[in-house]
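The questions below go through one chain, from single residues to the chain as a whole. Each answer ends on the item asked for.

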Amino acid sequence: MQLREGDVERCVQVWPFSSERKTMSTLVKLRRREDNRPVWRLYVKGAPETVIQSCRWIVDVDGAFQAQDQHEVLNERNAASASALSLADADDEGDLFTPPSFRADIPQINLDHGSDNDDDDNNDSEGDAPAIQGTSLSPYLLSAHYTASNNGCSDTTDVGEEMLSPSALPSNFAHNPAVPVLPLDEATLHDLRRTVSDYASRALRTIGLAYRDFDALDEAEVALRESDVEWRNAVGLVCLGIFAIEDPLRDGVTDAVRQCQSAGVVVRMVTGDNALTARAIATQCGIFTPGMGGLILEGPKFRKLSPAQMDFIVPRLQVLARSSPEDKRMLVEWLRTHGEVVAVTGDGTNDGPALKAANVGFSMGIAGTEVAKEASSIVLMDDNFKSIVRACMWGRSVNDAVKRFLQFQLTVNVTAVLIAFVSSIVDSEEKSVFTAIQLLWINLIMDTFAALALATDPPTDELLARYPEKQSSPLITFTMWKHIIGQSVLQIVVCFLTLYAADDIFHLHAVNNSQDMVVLRTLVFNTFAWMQIFNEFNCRVLHNELNCFQNIHRNPFFIGIVLISVLGQVIIVQWGGAAFQTAALSAKYWGFSIAGGFLSLPVGLVLRLIPDQLIGWMFPFVSQDVYKKPQSLAWQPPAQNLRSKLAGDSSPEGKD
């Protein structure tokens, strides 16, 4: 059966793909090339199980007629004649190809004169092929199925004894004589379903294709139909076959899924494919983990779950197959109502409700529809799952950058305000130890420079090795408060010792000597500035990591800004003079200032070594957020529930 673009007169009606019907249909009016007959043809493609339900007949593959032009067939035979002769001679069981010189041996049926009459039957029974002579040359050739005889080299032709005659078909069936059909019985249905299962188990996407020709059709009535399902089920279709499409995974998808899982992100697959295909693909990706209690469910069953069943199944659900847009939206809303942060990917119009219902919606920039892009929060320009992992990594990096800056900013503010306030009260002239221009420089360090230095750390894979934060987590965590308070106490103590013990330490008579007072104030200012410079290194880590210099070489901005701060501090102290109200310091004072500032590093290490739980026990009124590694937490909900049952925990969610 052939169909070329010139054969189609017009497209009558199109029923686009629907997630509910799982099929799409196209009705065209065409002039059939085989018999030059005008017919209306309905094409249906979609999920095989849905298409098969509408089928009553199936194309007879073994006894099908090739709807090819006679000359095209003969030309193909001529082109293959040389190789055909050699292969035929080498084959012991029979001719593999027949050269054109033996055209009389090709079984042919002259359909113009009736291939079903008694004469043809008699000729077939005697083993003689029907002759094609003169003007009765038929353009239809029987693709014969040869089976070698066990008793010799004689061949028999299987033309399909169960083939339906036109009289056995419905009156409105515009039968194509070049395409013999058989009734779709239970055995054939079983074979088709087994084929679908076999393809699906190999991660192949299956598509069923069927058609139906009509002699007469009321196009106005058809145009009023919103769906063709009832109509095609009533008239019946002819199954053309089951097709399998291999959609290989992109490189790096499995690693990207594994990275998400190690980051505490539960990846669920919601698809319209059948359960077998979805299971095979999800297993390849690493999404489906039956050993950890993961479940696969189909959309129709998911919709019928009671609230109690949802509470038990959804935390374990990893694959939702044969799903509709409503199923996807229901899943997203259930997860959100139970405190989960949900991100959804989608590319079709039907994904719009789920994309809007999610906390973050990812649409595809290449294959996505405009509706999906409008409903989403982020558009993936490369349609790659790895981009979602990078988005997660960058999101955590930005969050950490804000926290690093806040940790540094609050430390500087607390110490600068307290030192300036206390020193102005104690001083007889009510003058602060820091002048206005000095505070301006400190503010420049802690605002502009620190923001650039601490906010430019590039994202690393280590960001995906920790458990995600809750939505209710405070911006300033317990660990951050520990470092803010600890560093503030250190800076206040060092600055006050320098300011009020100068006579004993440096033998400066600041009370009686105005020059010594300027030197002392410059020393306090210089020590305080160096403590901020060294504390920038401490603020690079937020979760008690020991090494605050890790990956520092990957951030040239940080190194450059630190060098600029050091150079600026040296210029201000040594040559600031009257502008900054400073005095040039000797090497002894410079050594003290740098040593005092360097104390921030070992003190920061000690603070990171102190367990947060210990501080929390000492200060129970302060809320704390303990960041746990996914490996020790058994991050996936199925594993959590299994762990809880083994531990004898009776709570349904298995929370500690």
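Q: Is V493 buried, partly exposed or exposed?
A: This is a predicted model, in which local features need pLDDT of at least 70 and side-chain atom pairs count only at pLDDT 80 or more, while totals for chains, interfaces and linings use all residues. Residues are numbered from 1 along each chain as its sequence is written, and side-chain values use heavy atoms, with hydrogens and water left out. Buried means under 20% relative accessible area, exposed over 50%, and partly exposed in between, with a 1.4 Å probe and protein chains only. V493 has 43% relative accessibility, so V493 counts as partly exposed.

Q: Which helix holds V493?
A: Helices are DSSP runs of H or I with at least four residues, strands are runs of E with at least two, and both are numbered from the N terminus. V493 falls within residues 478-500, which form helix α17.

Q: What is the area of the nonpolar surface patch that includes V493?
A: Like charges are joined within 9 Å, and nonpolar side chains (Val, Leu, Ile, Met, Phe, Trp, Tyr) within 5 Å. Accessible areas come from the Shrake-Rupley method with a 1.4 Å probe, and for residues only the protein chains shown count as cover. W481, I485, V489, V493 and L497 make this patch, with an area of about 460 Å².

Q: How many aromatic pairs does a search of the whole structure find?
A: Rings of Phe, Tyr and Trp (its six-membered ring) pair if their centres lie within 6.5 Å; planes under 30 degrees apart count as stacked, over 60 as edge-to-face and the rest as tilted. On that basis the number of aromatic pairs in the whole structure is nine.

Q: How many residues apart in sequence are the parts that the pair of F434 and F528 ties together?
A: The F434 and F528 rings form a tilted pair, 5.2 Å centre to centre with 45° between the planes. Both F434 and F528 are buried. F434 lies in the loop between α15 (385-426) and α16 (436-454) and F528 in helix α19 (residues 514-538), so the parts tied together are apart in sequence by 94 residues.

Q: Which helix holds both F496 and Y500?
A: F496 and Y500 form a tilted aromatic pair, 5.9 Å centre to centre with 45° between the planes. Y500 is partly exposed because its relative accessibility is 44%. F496 and Y500 are four residues apart, about one turn of the helix, and both lie in α17.

Q: What is the distance from the backbone nitrogen of T289 to a polar atom of the side chain of Q318?
A: Q318 lies in strand β14 (residues 317-321). With 3% relative accessibility, Q318 counts as buried. From a polar atom of the Q318 side chain to the backbone nitrogen of T289, the distance is 2.8 Å.

Q: Where is A203?
A: A203 is not a glycine, yet its phi is positive, about 65°. At 8% relative accessibility, A203 counts as buried. Its place is in the loop between α5 (186-201) and β10 (204-214).

Q: What percentage of the residues in the chain is buried?
A: The chain has 26 helices and 17 strands. Of its 656 residues, the buried share is 45%.

Key: A polar contact is a pair of N or O atoms within 3.5 Å; within protein, one must be able to donate a hydrogen and the other to accept it, and residues adjacent in sequence count only if both atoms are side-chain atoms. Patches are made of residues with over 30% relative accessible area and no salt bridge: like charges are joined within 9 Å, nonpolar side chains (Val, Leu, Ile, Met, Phe, Trp, Tyr) within 5 Å. A salt bridge is a side-chain nitrogen of Lys or Arg within 4 Å of a carboxyl oxygen of Asp or Glu.
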